[in-house]
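Here are some notes to read alongside the model.

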Amino acid sequence: MSTKKIFFPILCCIMCIVSAISCTKIDYASAEESDFSINARSSILVDFNSDEVLFEQNADEKVQVASIVKLMTVLITMEEIESGNLCLNEKITASEHASGMGGSQVFIDPYAEYTVEEMLKSTIVASANDASVALAEKISGSEEAFVKKMNSRAKELGLTNTVYVNANGLPEPGQYSTARDVAKLTKEVLKHKQYYNYSTIWMDKLVHPSGRETEVVNTNKLIRYFKGCDSGKTGSTDEAGYCLSASAVRGDMRLIGVVLGAKTGTERFNETSKLLNYGFSNFENKQLVSTNEPISQIEVLKSKTKLIDGYAKEDYFAISPKGLESEYEISIEMNETAKAPIKAGDKIGSISIIKNGVLIKEIDVVSNKVVDAISYKDSIKEIISRW
């Protein structure tokens, strides 16, 4: 099937684009080349939409991250729920191993039954070690088997500098991650809408089967005190120091800030706030590709429908320093024709986004509707009509 290339000017009437004639190169900050720095062992600031790193400081140093490990436990649990392998109201019988965890916990009773939702909420909100191990045992039968699942998922996500030894982040030799890997993992968790049902809770309580109650308070203070913060995971041990991965959204811009190895809990929150404020103050998002407007039309063969619109499969936002322009080139390559039948979501073209001469993103152009093939009877009529 032949193709035709349609360049960026076609999009000018349907989307707002950063200037494509500027040659200004965007330089993002690092601790070594900027006056801005974070008072912690390592840190990173990432734009959620574009994956651009806006600031980094020792971001690839392998360190213990304490309870931030639970982000992987939470991710796997939500994926199991969404795949239908697990239900929120399903019961978990707490083991002695799970209920015996030290550190932060909700004091679950051994051999008592709790729901998956209660343990998931306790893990996300209160960073409960016992609840996270209970989830691990429910999903994989044992914490050891679940840890293998954690490490396998880490490889799939490209977390190349992360190794898990347990499901809750309590100190153990050989367990480590990096600020960069934590940011990648955080983004993956944030893709699940279900997560926000619990990450935004400030205070709640767990009612045990015995009637005993445990107060549940969110360990991430930024959800209450930092504008736009709706998610995050804390962690602290003597080995890891005080850690936090948090995300905040303002308008169309969502940032992920990770601070590892701060000296105190207060410093952890202050430095993460400083990191996120740096991003919101100095950068802005501009939408380059929208899923809401048709990109182009193509001819449909063997159907009563003669033309169909193509839509971008996903939105794309570019981030740039405020007051500066960056060079983006966008080109669209559409199939000349498509043959019915066509399903909604079928690929009929592609969008290439190029920044400073480098291809940074390809997005499929798809049909947004079903197009049926013409019937045999209608084909005969059409042939006769043309004849």
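1. First, a term: a residue counts as buried when its relative accessible area is under 20%, exposed when over 50%, and partly exposed in between. Cys 243 has a relative accessible area of 0%, so it is buried. Cys 87, by contrast, sits at 39% and therefore falls in the partly exposed class. If you were wondering about cystine bridges, a search of the whole structure turns up zero disulfides.

2. Now the overall picture. Keep in mind that this is a predicted model. The chain has 387 residues, and 52% of them are buried. Its secondary structure comes to ten helices and 19 strands. Of the contacts between residues at least 6 apart in sequence, 65% join residues at least 24 apart.

3. Helix α3 (residues 116–126) packs against α1 with the axes 10 Å apart and an angle of about 150 degrees. Angles over 145 degrees count as roughly antiparallel, and α1 and α3 are therefore roughly antiparallel to each other. The crossing of α1 past α3 is left-handed. On the α1 side, the contact uses Lys 70, Val 74, Thr 77, Met 78 and Ile 81, while α3 brings Val 116, Leu 120, Thr 123 and Ile 124. By class, that contact has six nonpolar residues, two polar and one charged.

4. Thr 77 belongs to helix α1, and at a relative accessible area of 0% it is buried. What does Thr 77 contact once its neighbours within four places in sequence are left aside? The partners are Leu 86, Val 116, Leu 120, Leu 135 and Ile 139.

5. On α3 itself: eight of its eleven residues are buried, so the helix is largely enclosed by the rest of the structure. The buried ones are Val 116, Met 119, Leu 120, Ser 122, Thr 123, Ile 124, Val 125 and Ala 126. Just after α3, Ser 127 takes a positive phi of about 55 degrees.

6. α1 has another partner in helix α5 (residues 143–156). Here the angle is about 90 degrees, with the axes 10 Å apart, and the two helices are therefore roughly perpendicular to each other. From α1 come Met 72, Thr 73, Ile 76, Glu 79 and Glu 80, and from α5 come Phe 146, Lys 149, Met 150, Arg 153 and Ala 154. The contact of α1 with α5 divides into five nonpolar residues, one polar and four charged.

7. A few backbone spots to look at if you are checking torsions. Asn 58 has a positive phi of about 55 degrees although it is not a glycine; this residue is in the loop between β4 (53–57) and α1. With 39% relative accessibility, Asn 58 counts as partly exposed. Lys 302, not a glycine either, has a positive phi of about 60 degrees. Lys 302 is in the loop between β13 (294–301) and β14 (307–312), and its relative accessible area of 55% makes it exposed.

8. Last, omega. The peptide bond joining Ala 340 and Pro 341 is cis, with omega about 5 degrees. Pro 341 lies in the loop between β17 (337–339) and β18 (347–355).

Definitions and conventions
Residues numbered from 1 in each chain as written. Predicted model: local features only at pLDDT ≥ 70, side-chain atom pairs only at ≥ 80, totals over all residues. Heavy atoms only, no water. Axes fitted to C-alpha atoms, helices over the stretch in contact; angles between N-to-C directions. Helix = DSSP H or I, 4+ residues; strand = E, 2+ residues; numbered from the N terminus. Parallel < 35°, antiparallel > 145°, perpendicular 65-115°, else oblique. Left-handed = near helix turned anticlockwise from the far one by under 90°. Contact = heavy atoms within 4.5 Å. Nonpolar A, V, L, I, M, F, W, Y, C, P; charged D, E, K, R; others polar. Disulfide = S-S within 2.5 Å. Buried < 20%, exposed > 50% of the residue type's maximum accessible area, 1.4 Å probe, protein only.
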